[in-house]
Amino acid sequence: MCNDMTPALIWFRQDLRLDDNPALHAVQDGPVLACYILDDDAAGAWAHGGAQRWWLHHSLAVLRDTLAARGVTLHLAVGQAATLVPRLAAAIGATEVHAGRLYEPWARRRDEAVAKALQTKGARLVLHTSTLLHEPHRIRTGQGKPYSVYTPFSRAIFALGEPPPPLSAPRKLHGVADAPEGVALEALRLMPERDWWREFPQHWTPGEEGARARLQRFAGRALEGYDGARNIPGVKETSGLSPHLRFGEISPRQVWHAARNAGARGEATFLKEILWREFSYHLLWHRPELPEAPLQAQFAQFPWKPDAKLLRAWQRGRTGYPIVDAGMRQLWRMGWMHNRVRMIAGSLLVKHLLQPWQEGAAWFWDTLLDGDLASNSASWQWVAGCGADASPYFRVFNPTLQGEKFDADGAYVRQWVPELAKLPDKYLHKPWEAPDLVLRGAGVRLGVDYPRPIVEHAAGRARALDAYAALRAEAAPA
């Protein structure tokens with residue numbers, strides 16, 4: 001905690017908010033300068049994807065204006081944080097730099113470098129728990145090991161009791177005098193050159209106020225029916241909080257306590273979903289290879305069949321499976337996809353099409369507004385059957401049956417695949433079975449207006465199981 005005379009630097013990263021921000025509370029008594037540094041070099045392959053950059057641009061604008069209204073400057077910079085943070089701290093005479101702890105491997109390495117550089121100048125980096133409920137390294141099994149299965153992990157978290165209540169935003173903040181001038185927000189060049197994001201503002205309001213409003217709507221209405229409706233992509237019964245959590249515009253403690261206070265029937269199920277996020281970070285912390293390599297080592301030899309044309313058809317929502325294509329088009333236009341459909345689309349890519357799960361993860365990373373390294377990587381490994389507590393590889397989703405089950409009235413497919421909108425429900429999820437007369441009446445020409453299935457389900461499933469069998473035979477001891 002800084003005294004009321006010593007300037008301090010708060011380094012915003014994935015906690016772009018004033019409410020429940022422990023780092024901000026630690027510096028509220030003295031003069032403070034806030035900063036955000038875009039350090040793509042340190043992030044490397046995990047620099048923000050295109051959709052995330054759009055969100056970050058608008059979120060930083062909100063944070064800048066919110067801080068300015070309280071007399072605090074948000075210093076923006078582009079470059080290496082290991083150089084810029086110590087330089088900025090020295091410029092204002094700060095002996096402490098406060099920030100929310102990050103868990104990505106590259107961010108951990110960067111924080112170590114920043115801490116060492118600060119130490120040479122007589123300052124220190126103070127990290128706070130800001131983006132998670134609990135620190136991953138503190139959650140252990142009875143044998144003192146990290147968890148590798150979700151259910152016992154979640155039980156351990158619940159056994160710890162309720163997380164502390166969220167902190168309110170500081171009533172007063174004091175900006176440093178003569179704050180060093182940073183660059184303009186536009187100099188960060190976050191807005192994507194492609195204009196595919198033009199529909200994003202219709203669906204999203206980046207920033208802390210937008211996060212707060214979305215949480216209030218969800219806890220006040222949708223949470224009641226969450227159990228029954230969360231798997232139905234055609235209805236708006238999910239929280240939609242994932243992008244706000246990704247950028248820390250709202251904290252998991254705020255979400256947790258809002259759900260608890262709502263007293264709705266869907267509370268327990270929703271809290272378990274929050275803990276899936278915690279579990280993903282637990283995996284990432286203890287298995288930093290998670291974004292790139294299978295956690296089950298034998299899958300490193302899996303006989304994938306990379307095919308650029310198949311991958312492109314999947315990316316553009318042209319697979320011939322309506323539920324998958326609806327999801328991929330929703331992703332492109334909205335920067336988000338319903339979680340149930342993410343699983344269906346992911347299964348089609350890695351199993352029916354035998355494309356490496358890393359290709360799917362990379363596409364999601366670039367196009368998801370909520371692109372989160374821990375959750376994205378853990379989810380793709382789960383679908384591919386190669387991660388911790390993964391879905392068995394031999395579980396192959398039937399995209400037709402999944403569509404009929406979770407989009408029975410066709411509302412989702414009709415919204416995102418409008419060329420099929422006039423098909424009757426009976427054929428909506430399997431247009432290739434529709435008689436010619438029905439197709440003509442719906443204005444659908446298979447292979448022209450809408451593609452035939454990129455692979456037949458039974459054949460794709462059989463090929464996937466053959467590949468899995470070959471992998472197991474290869475791994476079996478002689």
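Q: What does Arg-101 form with Glu-135, and how far apart are the closest N and O atoms?
A: In this predicted model, Arg-101 and Glu-135 form a salt bridge, with 2.9 Å between the closest N and O atoms.

Q: Where do Arg-101 and Glu-135 lie?
A: Arg-101 belongs to the loop between β4 (96-100) and α5 (105-119), and Glu-135 to the loop between β5 (124-128) and α6 (150-159), so the pair ties together parts that are 34 residues apart in sequence.

Q: Are Arg-101 and Glu-135 buried or exposed?
A: Both Arg-101 and Glu-135 are buried.

Q: How many salt bridges does the structure hold?
A: There are 25 salt bridges in the structure. One of them joins the side chains of Glu-162 and Arg-260, at 3.0 Å from N to O. This pair links distant parts of the chain, 98 residues apart: Glu-162 is in the loop between α6 and β6, and Arg-260 is in helix α11 (residues 252-262).

Q: And why does Glu-162 count as partly exposed?
A: The relative accessibility of Glu-162 is 43%, so the residue counts as partly exposed. Arg-260 is partly exposed as well, with a relative accessible area of 28%.

Q: Which residues are linked with Asp-19 in a network of salt bridges?
A: Asp-19 is linked with Glu-208, Glu-209 and Arg-212 in that network.

Q: Turning to the strands, how many residues of β2 are buried?
A: Of the 8 residues of strand β2 (residues 31-38), 7 are buried, so the strand is largely enclosed by the rest of the structure.

Q: Which strand do 4 bridges join to β2?
A: Strand β1 (residues 8-11) is joined to β2 by 4 bridges, and the two run parallel. In this pairing, Ile-10 stands opposite Ala-34. Strand β3 (residues 74-78) also pairs with β2 in the parallel sense, over 5 bridges, and there Ala-77 is the bridge partner of Ile-37. A further 2 bridges join β2 to strand β6 (residues 174-175), again parallel, where Pro-31 stands opposite His-174.

Q: Now the helices: what should helix α14 span, at 1.5 Å a residue?
A: The 13 residues of α14 (residues 322-334) should span 18 Å, and the end C-alpha atoms are 17 Å apart, which agrees. The helix is mostly covered, with 11 of its 13 residues buried; among them are Asp-325, Arg-329 and Met-334.

Q: What follows α14?
A: Gly-335 follows α14, and its phi is positive, near 75°.

Q: Last one: where is Ser-280?
A: Ser-280 is in helix α12 (residues 267-286). Its relative accessibility is 5%, so Ser-280 counts as buried. Leaving aside neighbours within four places in sequence, Ser-280 is in contact with Leu-290, Ala-374, Ser-375 and Ala-378.

Note on methods: Residues numbered from 1 in each chain as written. Predicted model: local features only at pLDDT ≥ 70, side-chain atom pairs only at ≥ 80, totals over all residues. Heavy atoms only, no water. Expected span 1.5 Å × (residues − 1). Buried < 20%, exposed > 50% of the residue type's maximum accessible area, 1.4 Å probe, protein only. Pairing = 2+ DSSP bridges. Contact = heavy atoms within 4.5 Å. Salt bridge = Lys/Arg side-chain N within 4 Å of Asp/Glu carboxyl O.
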